[in-house]
Amino acid sequence: MRFKEMASKVSQWLEKSKEIVISSRVRLARNLTDFSFTHWAKKEDLAKVVEKVSNVTKGNSYLKNALIIDLKELDDIDRQFLMERHLISREHAQDKGKERAVIIGDKEIISIMVNEEDHLRIQVTESGLNLIEAWRLASKIDNELEKGLNYAYSEKYGYLTACPTNTGTGLRASVMIHLPALVISRQINKVLDAVSRANMAVRGIYGEGTQAQGDLFQISNEISLGESEEEIVEHVEKAAREIMEYEKRARKRLLTQLKEEIKDSISRAYGTLCSAYTISSAETLILLSKLRLGANIDLAKDIDISTLNELLILTRPAHLQEIAGKKLSAPERDVKRAALIREKLRIKT
Amino acid sequence: MLCERCGKEEATVPVIKIVGGEFTVMHLCDKCAEEATGEGKKEMESFFPSFPDLFSKIFSDFPSFHTEFFAPFKEKIKPPEIEEIKCPRCGLSYSDFKKTFQLGCSQCYETFKEQLEPMLRRIHGSIIHKGKVPSKVPVKVKIPKDEIKEMKKKLQEAVKKEEYEEAAHLRDEIRATEAKQKKRGGG
Ligand SMILES: [Zn+2]
Ligand SMILES: [Zn+2]
């Protein structure tokens, strides 16, 4: 375990996020034309890809103090830790021993996965609804990287990716959005239905196959070919804005029609979080979601949203173990988690 | 390889499950592949127990990979012949591609062009890239003039055969390609 220091704080983009849209992320998939795609390449070629990308990174003006981490050198908890912080994907965290790396920029805004499904997955994450900024920065980093690398590109199909679902721009624009009022009022299906009709995907916050946890959803584009990056980004932003309005309306209605019930539910969530001696990860997410809603609609005025953001990540299993500096069993984690929550909520309120 | 569902029969079809909007590949025998659509729904529901009919709604009109994506090539060429096509550069065969839904190298896009283009069109609604162009595009990847000629020939054939949907796609693609070449001062 080697991330004790990093584990005590969350990244800045998350800490300062107070809105319904928590964060915006842009991912660009790129491959080197001289090598087979990751799943089909020889081990020594993958090592060369890591070396080439690492070297080019060192000269990149956006990645001056970047950490270059060889995933082979990390234990399971370290890799899960990076996943919990959204710096690497679930897939990238699996299969120990493969030639894989992650390059993490200053403030954790930029991360580049090397030898994930594609040779490069350039990711930029910004606070709130800000996909345009995220795309601009990702593109600038890409421009500099491109000077030192030979990208697989076709005039006709655009950037060539391992999976045909990413061909073209190689772009995935996604937003993490908190929709508790739509879930409580059972209107969420209408939203998700409309989103999918607009050729967009909805998933839980930790990517493929994960459950929507704590009323957090990730909305992203499905189509990467035939539309320009600006058009894709604009479509996702527009969808996010509409969903946000819908959530606001649901919140208003809850406040006018069910104020006492909602207030009760939020106060109970606060009570449990402040006094529990042992608490699971799932229960924590549910209660934090209620508290966040309370803070947003002024029913829990004393709660600082950045504390809630912090708890969202610091209470995840690998974070608790990095903080403790040792492997913990699930019941041990539940006790540590409850203690951490009590401490954070008492200090800040 | 054996079927990932029953573990008894030889896996013959890759079935793409769509979980939370993402593709996951499972290798199944014929019998299990047939049953997979129904089961996939059940599994997805267990991911989202609080919204039981979410996925049935979202994916009701979603094409199942195995039936829709691969259907057109099965009609045109006999399956054994497609399976045997191999990328000269990386050695990936079409049946390898079907197993993982991942291509082997950039050359694969050329090797499996006939199979890939209808697939890209199904996924994205287009096969012509419209976005960013790297500053140093090697000359060899520019679209050759012949390609537009070839597309126009295909268009005429499609019109002759009264395949109007195909013709409309080709017309859009020719337009998009010509617009792109004009913008960059020729191919
Ligand atoms: Zn079977
Ligand atoms: Zn190939």
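Colleague: What percentage of the residues of chain B count as buried?

Modeller: Keep in mind that this is a predicted model. Buried here means under 20% relative accessible area. Chain B has 187 residues, and the share of them that counts as buried is 43%.

Colleague: And the accessible surface of chain B, what share of that belongs to carbon and sulfur atoms?

Modeller: The accessible surface of chain B comes to about 10,600 Å². Carbon and sulfur atoms take up a share of 53%.

Colleague: What pattern does chain B follow along the sequence?

Modeller: The count is 10 helices and two strands. On contacts, 42% of those with a separation of 6 or more join residues 24 or more positions apart. Reading chain B along the sequence, you get β-β-α-α-α-α-α-α-α-α-α-α.

Colleague: Which arrangement do the four donor atoms around the zinc ion (ligand 2) make?

Modeller: The donors are the SG atoms of Cys87(B), Cys90(B), Cys105(B) and Cys108(B), at 2.3 to 2.4 Å. For four tetrahedral donors the ideal angle is 109.5 degrees. Four donors count as tetrahedral if all angles lie between 85 and 135 degrees. The angles at this zinc ion run from 98 to 123 degrees, so the arrangement is tetrahedral.

Colleague: How are the donor residues of that zinc ion (ligand 2) spaced in sequence, and how many residues apart are the parts that Cys90(B) and Cys108(B) tie together?

Modeller: In sequence, the donor residues of the zinc ion (ligand 2) follow the spacing C-x2-C-x14-C-x2-C. Cys90(B) sits in the loop between α5 (79–84) and α6 (94–100) of chain B, while Cys108(B) belongs to helix α7 (residues 108–111) of chain B, so the parts the pair ties together are apart in sequence by 18 residues.

Colleague: Is Cys90(B) buried or exposed, and what about Cys108(B)?

Modeller: The cut-off for buried is under 20% relative accessible area. Cys90(B) has 18% relative accessibility, so it counts as buried. Cys108(B) has 0%, so Cys108(B) also counts as buried.

Colleague: What is the C-alpha to C-alpha distance between Gln107(B) and Cys90(B)?

Modeller: Gln107(B) is placed in the loop between α6 and α7 of chain B, and at 31% relative accessibility it counts as partly exposed. Leaving out residues up to four places away in sequence, Gln107(B) touches Cys87(B) and Arg89(B). Gln107(B) and Cys90(B) are 17 residues apart in sequence, and their C-alpha to C-alpha distance is 7.9 Å.

Colleague: Moving on to cavities: which element gives the largest share of the lining of the largest cavity?

Modeller: There are six cavities of 30 Å³ or more in the structure, and the largest has a volume of about 80 Å³. Its lining includes Ile22(A), His178(A), Leu285(A), Arg292(A) and Leu312(A). Two elements give two or more residues to that lining, α11 (281–296) and α12 (305–314) of chain A. The largest share, four residues, comes from α11(A).

Colleague: How many of the residues of helix α8 of chain A are buried?

Modeller: Helix α8 of chain A spans residues 188–197 and is mostly covered. Among its buried residues are Ile188(A), Val191(A), Leu192(A) and Asp193(A). Just after α8(A), Asn199(A) takes a positive phi of about 60 degrees. Out of 10 residues in the helix, the buried ones number seven.

Colleague: Where is Asp215(A) found, and what is its relative accessible area?

Modeller: Asp215(A) is not a glycine, yet it has a positive phi of about 60 degrees. Asp215(A) is found in the loop between β9 (200–203) and β10 (216–221) of chain A. Asp215(A) counts as partly exposed, with a relative accessible area of 21%.

Colleague: Where is Lys107(A) found?

Modeller: Lys107(A) is a residue other than glycine with a positive phi, near 60 degrees. Its place in chain A is the loop between β3 (101–104) and β4 (110–114).

Colleague: How far apart in space are Ala324(A) and Ala7(A)?

Modeller: Ala324(A) is found in helix α13 (residues 317–324) of chain A and counts as partly exposed at 27% relative accessibility. Not counting residues up to four places away in sequence, Ala324(A) touches Lys4(A) and Lys336(A). Ala324(A) and Ala7(A) are 317 residues apart in sequence, but C-alpha to C-alpha their distance in space is 9.7 Å.

Methods. Residues numbered from 1 in each chain as written. Chains lettered and ligands numbered in written order. Predicted model: local features only at pLDDT ≥ 70, side-chain atom pairs only at ≥ 80, totals over all residues. Heavy atoms only, no water. Buried < 20%, exposed > 50% of the residue type's maximum accessible area, 1.4 Å probe, protein only. Donors = N, O, S within 2.8 Å, 3.2 Å for Na, K, Ca; no water. Tetrahedral: all angles 85-135°; square planar, octahedral: opposite > 155°, others 65-115°. Contact = heavy atoms within 4.5 Å. Areas by Shrake-Rupley, 256 points an atom, 1.4 Å probe, with all protein chains shown as cover. 1 Å grid on protein atoms, 1.4 Å probe; cavity = no way out; pocket = protein on both sides within 12 Å on 5 of 7 lines; lining within 4 Å. Points joined across faces, edges and corners; volume = space filled by probe spheres on them.
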